[in-house]
Amino acid sequence: MHTATEFRLEARPRLPEALERLDALANDLFYSWDHGVRSLFARIDLRLWQKVEHNPKLFLRRVAQARLDQASEDRAFLAEYRRVLSAYDAYLESEPGTEVLEALNPEDSLVAYFCAEFGFHESFPIYSGGLGILAGDHCKAASDLGLPFVAVGLLYQQGYFIQTIDAQGHQIARYQCHSSDELPITPVEVDDKALTVSVPFPGREVHARVWLARVGHISLYLLDTNTAENTDEDRELTLQLYGGDSATRISQEMLLGIGGTRVLAALGVQPTVWHINEGHAAFQILERCRMAMADGLSFGAALESVAGCTLFTTHTPVPAGHDIFPRDLVEHFLTPYLEHSGLEFDAVFGLGSKNGEHSFNMTSLGLRGSRFHNGVSRIHGGVAARMEGDIWPQIPAAENPLGYITNGVHVPTFLAPEWASLFDIQAPTWKSELRNPEFWQFIDKIPDYHYWSVHKALKQQMAEFIVRRLKRQHKRNGTGHSVTERMARKLVSPEKDALVIGFARRFATYKRATLIFSDLARLERLLTSPDQPVVLVFAGKAHPQDKPGQQLIKVIHDLSMQPNLMGHIILLEDYDQAMARRLLSGVDVWLNTPEYPKEASGTSGEKAAVNGALNLSVLDGWWGEGYDETNGWAITPRDIELDVEFRNREEARDLLDLLEQEVIPLYYNRASQGYSQGWVTRSKASMKTITPRFNAQRMVMDYVRNYYQPATRQGARLRVNNAALAQELAEWKARVQEAWSGVSIHVDGCVSDRCHWDESVELKVSVALNGLAPDDVRVECLVEPECTGTHTGPGPDAFVLEASGEKDGKTLFKTRVQPPYPGLQTLRLRIYPHHKALTHPLEMGAMLWA
Ligand SMILES: *Cc1c(COP(=O)(O)O)cnc(C)c1O
C-alpha cells in the first residue's frame, strides 16, 4: 500500500495589538522566575501551555488566534496583563543598591561570566545538572542586584538528552532538535549584519553565529556553529552538551573560550573581571593573552595582566570530573590557532600540565591563568586546595590562595508561588530581604496550621504531577493500568498522608543513590508499616556514557516493580527543572547521601529547604555549613581513610536509624489537628535559617566583595601605563624563579626557649638570597599556641623579620618577639618571595622553612 507523505504546517497567529508585549515577555528569561508572566500564558490556554512544556515562544506560535482575540477583549485578563507588564517594567528600571554601586560601579566595571551550560528554565534545555542551574541562578541574582554583568556560553541545538526509562529499567537517551525560534534568543547583529566570529581549527576556520538571551538586566551571548559557512561536520560541533568524544569536547571548549572572548571584543564589550565558571571555559585565558601580546606585551606580562583580573571557580572534587586532554590532541587542535598568536605551544602546554604529566588539564589552566580561585563550599574549598596544591608546590594547602564561596539558589525561581503569596502577606518586603537572617524570623509568626496547609497543598500538587508522569511512562512501556494504580496508591491516599522522601539529581555513582537500599529487609519494614507508610521518589539522568550510573537506575527500577515494595518506591523519568520545582516543593524530606567529600556543594537541598522540606543528608557540601541540629538531620561521614564498603555500611545504618528513630516518629506524631507540631517547628527552623544564607543573592554578593571588586582593582593596577606593573611583575617572577632553588634559610645562633611573658626574645636567621635583594623576600615567624589541635582562631600570628646586615655572604634578618600567648607556644620561621604587585602573597607557590 502506498502511504502519503505527511507535511507539517504550523498556522501561526498574529498578536493582537493589545497584547503586543507578550512577545517581549516571551523573549526575556524573566519569565523563568516571575510566576506572573508564566500564569499569563497559562491563562490564555492551559492545555497548550502544558503541551508546549511551558515554552512561551512555542506557545505564541501555536496558540489559536481566537484564544488571543478573546484574551485581548477580556477585561480581567487585560488587567492582569497590565499588572504583570508594569512589574516587568519596574524590574527593568530598578537601579542597583548602594552596596553594589560602591563595590562595582557600572561606569567602570563589568563582569564577564563564562560557563559551558546555563539552566534557567525547562524551556531552554542547554543544561545538564547542578553546574548549569547554578550558572543560571548566578545570572538571575546578578540581574536582581543590578550588577554590571555579561555572560557567555554555547547554544546547543539538541542540548542535553531527553531520558526515558523502559520496562526493563534501561535508560534511553533521545535527542531533540530545537530551532532557534522556539528558544528565548534573538540573533545578534552588528551594523545590520548577523554577527559571526571564527576560530582557527586544523585546516580551516570554524565560524559561529551569536545569539542573545535576555535575562532581565543582563545579556547572555551564546555561540553556535550551525551556519552555512561551516562544513556539515563543523555545523554539528555545538549540537549536544557533553556529547561526542574528546575531540568534540576540546572543539567546543575552544569555541567557548576563544570564540566567546572574540564575541565580546566584536561587540566592543570590555570586561574588567573575567569569571571562568569551571574548566570548560578556560581557553579564554589564551585568547586574552594573545590580544595583550598583540598590544606589545611579552607572554609573561600578558599572563600577569590577564590573570590579575580573572576568577576561576572549580566545581568538582572528583578528578575524573576534570577535562583532561592528551598532549597530541591539544597540539593538533591548538597549533593552527597559536601559529600567528605569538604564543608558544610549550608555554601554553605548561599552563595546563599537572604533576608534569603528558596531559593537559583545563582546571590547571584555569588556576594558572587566574589569580583569584574558589571552590563552592567550605568543605570543597579545603578539598580543592589540597587536590590542586601542586599549583603552589611549597605552600601548605590551608594557606594557598584557593578559597571558597558556598553556592546558593535563586529563591524566586525555586520558591513555590503558594509560599511566595503567603510571604507577600506576612512580610511584603521579603524579596529585598533575602540576605537578612533576622528578617526571616517572620516565618515563626505564621500560624502552624496555615503553614502546614500550604505545604499540604503543594504536596497534593506534586502527587498529581507524579501520577500524571507515571501514567505516561507506564502506558508507553505497556506496563498496564493496574501497575500505575498500585504505584500511586500510597502517594494519593489522603487519610494516610504518607511521609514522602525525595531523591533526585544526576545519577553519578559518587552520589550513592542506592545507599538507602543497603539493608533491604529493614528498609522494607520501615517503608511498608501500615500505619506509617513511607514513599521514596527517585528521578535523575545518568550520562549516556556512564554505565555504572545507568545501572543505579535499573536497580531502583527493579525495586520499584517488586510487589512488596510497589507504591513505596517510585522512579520518574526525565528529571528537569520543571520536575525539580515540583518535587522540591512537595516532598516532606529531601535525601542526599553523597560519598564524602565528593559533593562539591549540592544545591537541590537548598531549594527543598526554601520550600519547607527537611534535609536528611550526609554532612558534605553546603549541608556541612547549613545543618545546625534544629533544621534537619545529618549523617556524619566516616573517616575517608577507612574502607569504602565499611563506610557505606556504617553511613547506611545511620540513615536507617535516623529514619526509624527520628524522622518517621516525628512525622507521624500527629495530634488531633492532623499534623505534627514538632515537624512544623523543624520545618520552620529549616526555612528561616537556610533561606537567608543559601540563596544566590548572598552568593553573588560574596563574589562581588571577595573577588569581583578586588579583581577589578588588581586588573586596573596591572594594566595602567601600558601594563608597566604587569611587565615588572613578570620580569621579577622570572628572576625569582631562577634564583629560588639556591635560596636557603637557617636560624642564626639559637632561639631562647624561655622568657617572662612581658619580655621579648630575639629571632635571627641567615638567608642565602642567591642574588635576590632583601626586598624580594619576606621572612617571617609564625607563633601558635602549643595545643593547635583545639586552636580555632584566625590562624597563627606572623611577625616579620627585617634585614640587618650581612654575615659570611649571607643576609641576616631579625626581630624581637614578645610572646603573644601565655605558656607554651611554637615558633616557626619561613621565607617566601614578596612583591608589591602580587595579588595573593603566596601566589608564586614558593616557600622555605628554617
Ligand atoms: C538543582 C538542580 C540540580 C542540582 O542538584 P544537586 O543536588 O546539586 O545535585 C540538578 N538538576 C536540576 C534540574 C536542578 O534543579
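Me: What separates the centres of domain 2 and domain 4?

Reply: The centres, taken over C-alpha atoms, are separated by 40 Å. This is a predicted model, in which local features need pLDDT of at least 70 and side-chain atom pairs count only at pLDDT 80 or more, while totals for chains, interfaces and linings use all residues. Residues are numbered from 1 along each chain as its sequence is written, and side-chain values use heavy atoms, with hydrogens and water left out.

Me: Where do the bounds of domain 2 and domain 4 lie?

Reply: Domain 2 covers 98–407 + 703–720 and domain 4 covers 743–849; such bounds come from an automatic or database domain assignment.

Me: How many residues does each domain bring to the contact?

Reply: Domain 2 brings 15 residues and domain 4 brings 13 residues, where contact means heavy atoms within 4.5 Å.

Me: What area is buried between domain 2 and domain 4?

Reply: About 1100 Å² is buried, with carbon and sulfur atoms giving 52%. Buried area is the accessible area (1.4 Å probe) that two parts lose on being put together, summed over both. Gln 394, Ile 395 and Glu 399 supply 43% of the area that domain 2 buries against domain 4, more than any other three residues.

Me: Why is the pairing of Glu 843 and Arg 371 called a salt bridge?

Reply: The term requires a side-chain nitrogen of Lys or Arg within 4 Å of a carboxyl oxygen of Asp or Glu.

Me: How many salt bridges does the rule find across the interface of domain 2 and domain 4?

Reply: The rule finds two across this interface.
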